[in-house]
Structures are given as C-alpha cells and as structure tokens.
Amino acid sequence: MFAGLLHFDWIFFAKKKSFLVLLVFFLGFGLFTSVAANFPFPETYKNSPYVITYIIGIMSLMCIFSVALLAAQSLMREKDAHFDLILYATPIQKKYYLSSRFLVIFGIAALTFALYVTGLLAGHQLFSSHDEELAALDVWSYVKPFLVLAVPNILFCTGVLCSIGVLSKNRMAIYISGLFIYFLYWGIAMFSNSPLMASAAPVSAASMDVMAKVDPFGLSAFFEQTQYWTAGQRNTQLVTLTGNFLFNRMAYMAVSCLLVVFAYRKFSFVVGKDRKSGKKAKEDKTVLGLEYMPVPTKNSGGAYSLKAGLSFV
C-alpha cells in the first residue's frame, strides 16, 4: 500500500507542467547566481568552499516557499475536489497516507534545490570570465554544504508547514505560515545584529554562541565556526560538523521529526465539525448504545384492511 501511495503522490506532481517549470527555474537560478553573485570576501575564490556554503545557506531560505506551494497542493487536493469524505471512508491507513505525503514533499523540495546547486556548479565552470577568480573544481565543496545545510533546512520547513497543513486543513494557513517564518527570521536577524546583515557590528562571543544554537537555518552556526578564518582557509576548508554547528543541525532535525509525529498523532480521517475528542466520542457511543426492542405489528384483519384502503383516499 505504501509504495502505491508514494507512486501516486509522485505522479500527482510529475504530470504537472508547473512541476517542470519549477525544476527549470531552480536550475536556471543556480546558473544566474553563479554569474551575478559577487561577495566582498577578500582574496577568496568565487567557487571556494566558504562562498559556496554561504550561497547555499542563504538560498536554502527559498525552500520555505517551495515547500509551502508543494504542501498546499498535496495536502489540500482532496478537500479542494470535495473527495475527502470518500477518501476517509476507504481502509487507507493514516501512517501510510501521511508518510507518503511528507516524503514526496520533502523529496521534491530537495530535488529542486539539488538542481539549484547543480546550476551553481555548472555556472561556475561555464560562465566565468576570469580564470583567476576560480579554484580547481571540487564537487564535494558543493555536495557537503547541500547535505549539512540545505537538507536539514528543507526537513525543518517540511516538518513545520506540513504539520500546520495537516492540523488546520487550510491552504491559506500554510501560505501565511511560510511568509511568517521567512519575514520573522529576517526580522530577528535585523534586530539582533546577526552576521547575516551586511551592516552588522561585531557581536560578543556569548551572543554568537546563543544565536548559533537557536538559528533554525544554521547560518549563525556557520558564521560562528568561520568568523576567524583566513583567506587561505576560506579557499580550502569546508565547515565541519562539530560544536554548535553539529548541535544546531541535530536539534532542528529532531524538532522537525517531533512536529511530524505530533501532527500524525493529532490527525484523524474526519471532516470539519465532525471531529470530536476521544472522551466525547465515547460519551456519544454510550448514549446511542440502546438495546434493540422489537415492536409488534399487525398486518391482517378487518381493521388493517380498512386503514389500508382509507390511506389511498
């Protein structure tokens, strides 16, 4: 059953023209970034591990919007087609139904961002006008930041937005939540003097330590680990899964999984006001559980024949 649901959810997106447009957009945007992005890091190559990690970390915030669009289409499609009552009446199991939706949304979001990273790599190799701006190609410099920054961020966005969609069963709630997370993140970064902001002043070690732990997208942890790197280190070293960076990634992956589990436990195959708590449902069952009593009837005799005849008058 699970494999069939997974295939069905994948086909739902794969057959859409908008899905192909999304794939082409991310690939093209990666190519555009490789050409247009110029960062003021002195004596640092455009394709250095530091710059690539910086770009992937910043651009992973786009996943908020891609996940919101995917979740709204996937989780709300039965409701929009008024097919939810029929679906919920089938013997489909909740664990298979929800897990297939979560996995397909996460997988497509990861696939689209992987195409962005592919476009970034291709652009660095194809469209660079000055060879001295580039270091030798190192594919791992693109793959590792994708795995340690982008994938956990996509998982976090999927956990938050899909949980909201499953519990609210409302398309607008998903969109508003995505926008709220995005602007809240940048608002906090602006008012907390985050290293993300170009005009940010140096922050204390204690403040940086706190931000590195609580930043849900891991960028503050990346800046904390690399804040004292020289140009030579930026050109050769990759961020490592140690200290606050490791804590941050593990913590928010755990938060994402807990949100999915919470949504799974609260979700039920009911529609609108028909949803009741377990205690209320038990009380209703007790009230309605009356003993069957046969009612005697008489369907013969003169009186019965007379009443039957008069009923046609």
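Guide: Quick term first: buried means under 20% relative accessible area, exposed means over 50%, and partly exposed is in between. Also, this is a predicted model.

Visitor: Okay, so which of those classes does F127 fall in?

Guide: F127 has 47% relative accessibility, so this residue counts as partly exposed. You'll find F127 in the loop between α7 (94-126) and α8 (140-168).

Visitor: Switching to charges. How many salt bridges are there?

Guide: The count comes to 3. In one of them, R77 pairs with D9, with the closest N and O atoms 2.5 Å apart. R77 sits in helix α5 (residues 77-80) and D9 in helix α1 (residues 2-14), so this pair links distant parts of the chain, 68 residues apart.

Visitor: Is D9 buried or exposed?

Guide: Buried, because its relative accessible area is 2%. D9 also forms a salt bridge with R101, at 3.0 Å between the closest N and O atoms. R101 lies in helix α7, so that pair ties together parts 92 residues apart in sequence.

Visitor: And what does D209 pair with?

Guide: K213, at 2.9 Å from N to O. Both are in helix α10 (residues 205-214), 4 residues apart, about one turn of the helix. As for the other pairs, shared partners join D9, R77 and R101 into one network.

Visitor: Last one: how do α7 and α13 pack?

Guide: Their angle is about 140°, with the axes 10 Å apart, so the two helices are oblique to each other. The crossing is right-handed.

How values were computed: Residues numbered from 1 in each chain as written. Predicted model: local features only at pLDDT ≥ 70, side-chain atom pairs only at ≥ 80, totals over all residues. Heavy atoms only, no water. Buried < 20%, exposed > 50% of the residue type's maximum accessible area, 1.4 Å probe, protein only. Axes fitted to C-alpha atoms, helices over the stretch in contact; angles between N-to-C directions. Parallel < 35°, antiparallel > 145°, perpendicular 65-115°, else oblique. Left-handed = near helix turned anticlockwise from the far one by under 90°. Salt bridge = Lys/Arg side-chain N within 4 Å of Asp/Glu carboxyl O.
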